[in-house]
Amino acid sequence: MNPTLWATLTDDQKNGVYEGHGDFIKLVTGTGEMVETKALAEPSETKTVRVKDGATDVVDGAFVESEAFLCGYYIVDVATEARAVELAAMIPDAQYTAVEVRKIVHEG
């Protein structure tokens, strides 16, 4: 999410993004590839926690100061990286900003 970029979109474009997420969720749920999705609060609602010498320090805001931020994620179970990239290109935000694709390397 980039708030400056988002502010440049028309209401129709913003609604298209919202509706596009609904369509995307229906698609990957229908194919059985959906594992989960979460929307995250914006950085102003973030707490960054550090522990040094046993003392906990809590600071308001994100760990990395940046205009763009992670606003949510999808976890999908796909057969190939190519399919993950194909799905990422279907996420409506991809037409306005970047969508990252990452492998899950450990599950608890």
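**Labels and their cut-offs**

Q: Why does Leu 9 count as buried?
A: Its relative accessibility is 9%. Buried means under 20% relative accessible area, exposed over 50%, and partly exposed in between, with a 1.4 Å probe and protein chains only. At 9%, Leu 9 therefore counts as buried. Leu 9 lies in the loop between helix H1 (3-8) and H2. The C-alpha atoms of Leu 9 and Lys 47 are separated by 29 Å, and the two residues are 38 apart along the chain.

The model is predicted, with pLDDT of at least 70 needed for local features and 80 or more for side-chain atom pairs, while totals for chains, interfaces and linings use all residues. Residues are numbered from 1 along each chain as its sequence is written, and side-chain values use heavy atoms, leaving out hydrogens and water.

Q: What makes Glu 107 buried or exposed?
A: Glu 107 has 66% relative accessibility, so it counts as exposed. Glu 107 is found in the segment after H3.

Q: Why are E2 and E3 said to pair?
A: Two strands pair if DSSP finds at least two bridges between them. Strand E2 (residues 47-52) and strand E3 (residues 55-60) are joined by six bridges, so they pair. The two strands run antiparallel. Lys 47 stands opposite Asp 60 in E3, and Lys 52 has Ala 55 as its bridge partner. Helices (H or I, at least four residues) and strands (E, at least two) are DSSP runs, numbered from the N terminus.

Q: What makes Asp 53 stand out in the hairpin turn?
A: Its phi is positive, about 55°, although Asp 53 is not a glycine. Most residues other than glycine have a negative phi. Asp 53 lies in the loop between E2 and E3, and two residues separate the strands of this hairpin. Asp 53 is also exposed, with a relative accessible area of 76%.

Q: How do you know what span to expect for H2?
A: The expected span is 1.5 Å times one less than the number of residues. H2 has 20 residues, which gives 28 Å. From first C-alpha to last, H2 reaches 28 Å, close to that expectation.

Q: Why are the buried residues of H2 said to line one face?
A: The buried residues are Lys 14, Val 17, Gly 20, Phe 24 and Val 28. Seen down the axis of H2, they fall within an arc of 110°, so they line one face of the helix. The arc is that of the directions from the helix axis to the C-beta atoms. The face turned away from this buried side carries exposed residues, among them Asp 11, Tyr 18 and Lys 26.

Q: How do you know where the buried residues of H3 lie around its axis?
A: Arg 83, Ala 84, Leu 87 and Ala 88 are buried in H3. Their arc down the axis is within 140°, so they line one face of the helix. Ala 82 and Ala 89 are exposed on the other side.

Q: Which residues line the largest cavity?
A: Met 1, Asn 2, Leu 5, Trp 6, Leu 9, Asp 93, Tyr 96 and Thr 97 line it. The largest cavity has a volume of about 60 Å³.

Q: Which residues lie nearest the centre of the largest pocket?
A: They are Gly 72, Tyr 73, Tyr 74, Val 99 and Glu 100, out of 37 lining residues. Helix H2 (11-30), strand E1 (34-39), strand E4 (72-76) and helix H3 (81-90) each give two or more residues to the lining. The largest pocket has a volume of about 1300 Å³.

Notes: On a 1 Å grid over the protein atoms alone, a cavity is a set of points where a 1.4 Å probe fits but cannot get out, and a pocket is an open set with protein on both sides within 12 Å along at least five of seven lines; lining residues have an atom within 4 Å of a point. Grid points are joined across faces, edges and corners, and a volume is the space filled by probe spheres set on the points.
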